Amino acid sequence: MCDQTFLVNVFGSCDKCFKQRALRPVFKKSQQLSYCSTCAEIMATEGLHENETLASLKSEAEKVQKKKAKRHCFVLHQVAERVEALGQFVMKTRRTLKGHGNKVLCMDWCKDKRRIVSSSQVCHEHAVTMPCTWVMACAYAPSGCAIACGGLDNKCSVYPLTFDKNENMAAKKKSVAMHTNYLSACSFTNSDMQILTASGDGTCALWDVESGQLLQSFHGHGADVLCLDLAPSETGNTFVSGGCDKKAMVWDMRSGQCVQAFETHESDINSVRYYPSGDAFASGSDDATCRLYDLRADREVAIYSKESIIFGASSVDFSLSGRLLFAGYNDYTINVWDVLKGSRVSILFGHENRVSTLRVSPDGTAFCSGSWDHTLRVRGMVFCFPVCERREDG
Amino acid sequence: MERVVVSMQDPDQGVKMRSQRLLVTVIPHAVTGSDVVQWLAQKFCVSEEEALHLGAVLVQHGYIYPLRDPRSLMLRPDETPYRFQTPYFWTSTLWPAAELDYAIYLAKKNIRKRGTLVDYEKDCYDRLHKKINHAWDLVLMQAREQLRAAKQRRKGDRLVIACQEQTYWLVNRPPPRAPNVLEQGPGRGSCAASRVLMTKSADFYKREIEYFRKALGRTRVKSSICLEAYLSFCGQRGPHDPLVSGCLPSNPWISDDDAYWVMNAPTVAAPTKLRVERWGFSFRELLEDPVGRAHFMDFLGKEFSGENLSFWEACEELRYGAQAQVPTLVDAVYEQFLAPGAARWVNIDSRTMEQTLEGLHQPHRYVLDDAQLHIYMLMKKDSYPRFLKSDMYKGLLAEAGIPLETKRRVFPFMWRPRHSSPSPALLPTPVEPTAACGLGGGDGVA
């Protein structure tokens, strides 16, 4: 049922000093070796100059880190005090899509604002059977003529959409990306020709669809990368990714370098999404909080959390103006947050199992949530009561 | 979750506990469903519905179990008695619930209640019997011993232990149609086992120091300015956000009326007022909207600088195009825009032009980036503001109408058949606005 990993102590001859000792696995330049404990200690102190010891380096690193964290103590909700509070929202489920025989893992909207692709074991609407058990990522091409999906098969495949009943869709599949571990997220860039993928092997990669060539790879995460989002900026060159190492990193697509990194979450980051202006992004994590990070100020500016929320957030998305943040949680609910004030606007029930994915439609008229209870629900706003008195809601 | 449960059991501030009467026996330390809901609602300042949901989740994970109807794990907000599960059985201990234990439990049930196992339990029992046949004597013996030991306890205790066990197994071996709360997604490598920093060596610290120094040196904006920017952004876009301010004529998902989508189609002859307003927010908004871009192209045509926009579009195509086409595209762009004496020569400053021409010897998809950025900034700082002040734009703004809100139908249950919209995959690919001719007022390119 649950995986238990053990640190196995192997007895044998050390790769460095060749003495018979108890060995520990050690990684040097991404190659695994077995060192005895003395050699491991020695390796840790390699590369030190005079007057430096491991402890002094560590304290210096901490000092610089503290200096960085000390600047600017403003938080968003302090500045937003004077903004008018939002009214009370009533959101109703307008469509319930049942068609999956299994848990819904991921979904994406088409640019025409009406179609959705979702994945679990079977791709919705164009039933394509994938040869692996979990399809964890799917994306619609901007033109609406193709979809990409992938999961535990370590690959990302692109399927051109066709309505010809005689065509076997699986036959036209094109395998684009190859990773060494599961595929956790994928997304088309501005055109049908390029795909950005994130994988459990700790890397993200940019691929050319036509040839399957790897255009750029992005290394830097210390653990599985779980999510990514492209920046809606004018120059269109960056994207953000979040991973199991609790870090959210911003990358330059052209050079493959990490431009900024944010590490204030206390657990795996399940989902990241850019604010509509492109100057900030929100992240949802297993520590039951969502946080807003500003790219220009280079720090976290808001936390969205409540004591009564004890389950992790699995996916987040902004409304069109960026005033509302929708977050789906593993306790089967969706919480709607006021981005500026940091307070919760409403909580939506309806799913019978954890909410695994959530996206606002491209024109912002509704949002769709997919869940492990095999359904997708599209919800729109029915009423908005204006505020007449203050409600004590967190 | 434990935090919540532990605070619930706190004798002073926790849920009020009483001794409950269950048939004839008295069970101490039991709580009613309604007490639980009320306490949760009060402590976390949430609504009743949410407190009920939270309580239900706790019950489903086996932290609270019902005394009267232990077969279904639901929270009922009434007088039904509940009790807190002993930490021994908490799901977070992550014991692998062994087959042997389950077999013993089922055997006990079998013996005690004289064969009143529920269907799925009977199936499991048979399956286990086949699987661990060799240890079956052990199982039966253990079951009998446990039952005999239990008989020596008070009836109240016996009942409690039986309920505890039953709840534990309901959580760990759920009946066929119930959701399994213990299911996790596919395994992830946790940060504890991260490969990259196996030993905190000197290398690691050096990299950290360098990274933080670089971060300190990076130009950053004061957070007060950034935060103000959010306020103004949200304020500006608020009326344009359908989820915040509603949309006219009506939200198509709510009223099943496609009018909103028809009016806001990508290429439409008469854009709505909101849409035209959006073009004034930022240059990016204008370019992203096909109708907006077409109008801007018209305007540039009047100023004889239409080749700027065409050049920018060609560069975009290069950046996001297929890898195989990069060399041909680069050549085409050079012929049309950059070669001296070209048909649509773009005006770039000499330094950028030199660098670009250098780079053309080894064409890659980002070779025109500098030139593209230069032209983009030119358009943004120069042509765009003039466009916004121009008569053309003002005319568009005045012409654009605000759609009327559809009256709510008197009989809301008039069922409109929902037709599925044509998939973009079926439409013939639209002709891209070519560099040679601009589109005249959105003349509907099919």
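How far apart do the end C-alpha atoms of residues 282-397 of chain B lie? They sit 16 Å apart, and the span is 73% helix and 0% strand.

This is a predicted model, where local features need pLDDT of at least 70, side-chain atom pairs count only at pLDDT 80 or more, and totals for chains, interfaces and linings use all residues. Residues are numbered from 1 along each chain as its sequence is written, chains are lettered from A and ligands numbered from 1 in the order in which they are written, and side-chain values use heavy atoms, with hydrogens and water left out.

**View 1. The annotated span of chain B.** An unreviewed UniProt entry puts "domain: RGS" on residues 282-397 of chain B; such annotations may be inferred rather than shown by experiment. Helices here (H or I, at least four residues) and strands (E, at least two) are DSSP runs, numbered from the N terminus.

**View 2. H15(B) packing on H16(B).** Helix H15 (residues 290-302) of chain B and H16(B) pack at about 140°, axes 7 Å apart. The axes are lines fitted to C-alpha atoms, for helices over the stretch in contact, with angles from 0 to 180 degrees between N-to-C directions. That makes the pair oblique, as angles under 35 degrees count as roughly parallel, over 145 as roughly antiparallel, 65 to 115 as roughly perpendicular and the rest as oblique.

**View 3. H16(B) against H17(B).** The axes of H16(B) (residues 306-320) and H17(B) come within 10 Å and cross at roughly 170°, so this pair is roughly antiparallel. On the H16(B) side look for residues including B:Phe311, B:Ala314 and B:Leu318; their H17(B) partners include B:Leu329, B:Val333 and B:Phe337.

**View 4. The two sides of H18(B).** In helix H18 (residues 350-359) of chain B, the buried residues are B:Thr352, B:Met353, B:Thr356 and B:Gly359 (buried is under 20% relative accessible area, exposed over 50%, partly exposed in between; 1.4 Å probe, protein chains only). Down the helix axis they fall within an arc of 130°, so they line one face; the arc is that of the directions from the axis to the C-beta atoms. They pack against H17 (326-338) and H19 (369-389) of chain B. B:Ser350, B:Arg351, B:Glu354 and B:Glu358 are exposed on the other side.

**View 5. A:Ser319 in its loop.** A:Ser319 belongs to the loop between strands E23 (313-318) and E24 (324-329) of chain A. It's buried, at 2% relative accessible area. Leaving aside neighbours within four places in sequence, A:Ser319 touches residues including A:Pro276, A:Phe326, B:Asp241 and B:Leu243.

Note on methods:
Contact = heavy atoms within 4.5 Å.
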